[in-house]
Amino acid sequence: MFQAAILLARQYNINIQGQFITGQIVDTAGIEINTIAAACKAMSTSNIVGIVGPKYSSEAPIIAGIGARIGIPVVSQSATDPTLSNRNAYPAFYRTAPSDNAAALAIAQLFLNYNWTSCLIIYQNDAFGNGGATAITNAFLKNGLGIAGTIVFDIVTLRLQDNLNDVLTASPTRIVVLWVNPPYVPSIIQNALDYDLIGPNYLWITSASFDLSNFNQTYYPNLIGLLNLEPTVASVANAPIN
């Protein structure tokens, strides 16, 4: 998509002070130090007038800070941490995806629609996970819903910080909201499958899609009850906004 935008800019003769727009693409792998290094290297060797990205909420505050310091815009295609909407803290940051406040409100409305009353939240320990868990908690409190508990997924050790079986079987709720990035979903879902903690007795709502081929086909009947929440363009849902 980024390369297509560059080509379109050339086709329509869009330029900055008479110079055509070019670009560099860097894969940071979601690692903050890689993001800082790539941004500093690009700005020291090229005339950078704007930054597209980064992808993850954990990287965005760093690059947003750099953009604000040197006076260039930063536009992320997928960073959703609600705190990035603070114009005082991040005056140079913009995004094309809605913040997690919108997703949290959608989850709360889903619960109200089906008369569900509470959930357990599993979230990763970074800006994306913390921001999402906070947004969901606030939306639930405003709508008279409850959070039965939380479990943190450590993105360094790639393990849950509590025993999923012990926590969920002792919990009064049977609904789990899983708020982690796509690469972490399969291992957590497999852990739940191993303990028979998904369908038909439990309902899981995920913030990221994942490939069902990651799992043995014998588990497919249990996976049918999973719900996935994703932003979409308005035309798909016959809605006035994305």
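**Labels and their grounds**

Modeller: I begin with asparagine 115, which counts as exposed at 65% relative accessibility. The model is a predicted one.

Biologist: Why is asparagine 115 called exposed?

Modeller: The label exposed requires a relative accessible area over 50%. Asparagine 115 has 65%, so the residue counts as exposed. Asparagine 115 belongs to the loop between helix H4 (100–113) and strand S6 (118–124). Its phi is positive, about 60°, although asparagine 115 is not a glycine.

Biologist: What makes aspartate 196 partly exposed?

Modeller: Partly exposed covers the range between the buried limit of 20% and the exposed limit of 50%. Aspartate 196 has a relative accessibility of 45%, so the label partly exposed applies. Aspartate 196 is located in the loop between H7 and S10, just after H7. Aspartate 196 also has a positive phi of about 60° without being a glycine.

Biologist: Which residues of helix H7 are buried, and how do you know that they line one face?

Modeller: In H7, residues 185–194, the buried residues are Val185, Ile188, Ile189, Ala192 and Leu193. Viewed down the helix axis, the buried residues of H7 fall within an arc of 140°, and therefore they line one face of the helix.

Biologist: What is the peptide bond from glycine 199 to proline 200 called?

Modeller: The bond from glycine 199 to proline 200 is cis, with omega near 0°. Proline 200 is part of the loop between H7 and strand S10 (203–206).

Biologist: How do you know whether alanine 104 is buried or exposed?

Modeller: Buried means a relative accessible area under 20%. Alanine 104 has 0%, so alanine 104 counts as buried. Alanine 104 is in helix H4 and touches Ala135, Ile136 and Ala139, apart from residues up to four places away in sequence. Between alanine 104 and threonine 134 there are 30 residues of sequence separation, with a C-alpha to C-alpha distance of 9.1 Å.

Biologist: What makes threonine 80 buried?

Modeller: The relative accessible area of threonine 80 is 11%, which is under 20%, so threonine 80 is buried. Threonine 80 sits in the loop between strand S4 (74–76) and strand S5 (93–95). Residues up to four places away in sequence aside, threonine 80 touches Ser57, Arg95, Ala97, Pro98, Ser99, Asp100 and Phe128.

Biologist: Why is aspartate 154 called buried?

Modeller: Aspartate 154 has a relative accessible area of 14%; this is under 20%, so aspartate 154 is buried. The residue is found in strand S7, residues 146–154. Aspartate 154 touches Asn125, Arg159 and Gln161, not counting residues up to four places away in sequence. Its C-alpha atom is separated by 28 Å from that of lysine 142, twelve residues apart along the chain.

Biologist: How do you know that glutamate 59 has no salt bridge?

Modeller: A salt bridge requires a side-chain nitrogen of Lys or Arg within 4 Å of a carboxyl oxygen of Asp or Glu. For glutamate 59 the nearest side chain of opposite charge, lysine 55, is 8.4 Å away, so no salt bridge is assigned.

Biologist: Where is glutamate 59 placed, and which residues are in contact with it?

Modeller: Glutamate 59 is in the loop between S3 and H3. Leaving aside neighbours within four places in sequence, its contacts are Thr28, Gly30, Ile31, Glu32, Thr35 and Pro54.

Biologist: Where does tyrosine 56 lie, and what does it touch?

Modeller: Tyrosine 56 lies in the loop between strand S3 (51–52) and helix H3 (60–70). Tyrosine 56 touches Gly30, Ala79 and Asn181, with residues up to four places away in sequence not counted. The C-alpha atoms of tyrosine 56 and asparagine 34 are 13 Å apart, at a separation of 22 residues along the chain.

Biologist: What is the setting of these residues in the chain as a whole?

Modeller: The chain has nine helices and eleven strands, and 39% of its 242 residues count as buried. Its C-alpha trace spans about 65 × 40 × 35 Å along the principal axes.

Key:
Residues are numbered from 1 along each chain as its sequence is written. This is a predicted model: local features need pLDDT of at least 70, side-chain atom pairs count only at pLDDT 80 or more; totals for chains, interfaces and linings use all residues. Side-chain values use heavy atoms; hydrogens and water are left out. Helices (H or I, at least four residues) and strands (E, at least two) are DSSP runs, numbered from the N terminus. Buried means under 20% relative accessible area, exposed over 50%, partly exposed in between (1.4 Å probe, protein chains only). The arc is that of the directions from the helix axis to the C-beta atoms. Contact means heavy atoms within 4.5 Å. Lys and Arg count as positive and Asp and Glu as negative; His and the chain ends are not counted.
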